[in-house]
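This briefing describes the fold of one protein chain. The overall layout comes before the individual elements.

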Amino acid sequence: MEPNLVRILRHDFKDLYKELEWGVECESGWFDLIYNLSCSIHNRCNETRITHIKEKYGGLRFSVTPCVGSCYREYDIWIDWAEAKSYRICERCGSPGRLRTSLPYVQTLCDDCERERLEQNRAMIARLLEKAK
Ligand SMILES: [Zn+2]
């Protein structure tokens with residue numbers, strides 16, 4: 001995710017993000033989804049910490065260390081919902097998208113971003129073939 005967007009998350013939800021280990025390991029198209037989920041958790045309890053946010057197999061993965069209370073029951077539902085929704089939002093630009101399996105690295109993308117990804121892949125293969133000559 002673009003560093004300035006990560007800065008917004010860390011600024012607006014300071015305590016929630018203070019134990020985040022590896023940054024936000026997905027592209028910027030899911031910013032609104034992550035922001036809204038962070039907002040819900042932040043408003044529910046200020047002792048919870050987000051430990052991991054990443055993309056895996058084309059979908060969002062979101063991990064928290066809940067407080068000692070019963071908040072986690074709600075978090076499970078919210079996180080499941082956000083993770084399921086990520087499969088319908090382009091990870092690059094935030095437009096409506098779907099899971100793309102045309103390349104070994106699967107990703108949830110809109111039509112335009114998938115076209116761009118395939119074009120980049122074709123260009124990379126052409127460069128490799130050119131080098132191999
Ligand atoms: Zn897109």
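The protein chain contains 4 helices and 5 strands. The model is predicted.

**Overall dimensions and packing**

- The C-alpha trace of the protein chain spans about 60 × 25 × 20 Å along its principal axes.
- Of the 133 residues in the protein chain, 24% are buried.
- When contacts between residues at least 6 apart in sequence are considered, 51% of them join residues at least 24 apart.

**The three-stranded sheet**

- An open sheet is built from 3 strands in the order β1-β2-β3, and its pairing is mixed.
- Strands β1 (24-25) and β3 (59-65) each have a single partner strand and stand at the edges, so one side of each is left without a neighbour in the sheet.
- Strand β2 (residues 49-56) runs antiparallel to β3, and 7 bridges join the two.
- Within this part of the sheet, K54 stands opposite R61 in β3.

**Helix α4**

- Helix α4 comprises 22 residues, covering residues 111-132.
- From its first C-alpha to its last, α4 reaches 32 Å, close to the 32 Å expected at 1.5 Å a residue.
- Helix α4 is hardly covered, with a count of 1 buried residue among its 22 residues.
- As a general point, an α-helix has 3.6 residues a turn, so residues three or four places apart point the same way.

Note on methods. Residues numbered from 1 in each chain as written. Predicted model: local features only at pLDDT ≥ 70, side-chain atom pairs only at ≥ 80, totals over all residues. Pairing = 2+ DSSP bridges. Expected span 1.5 Å × (residues − 1). Buried ≥ 20, exposed ≤ 12 C-beta atoms within 10 Å, placed from the backbone. Contact = placed C-beta atoms within 7 Å.
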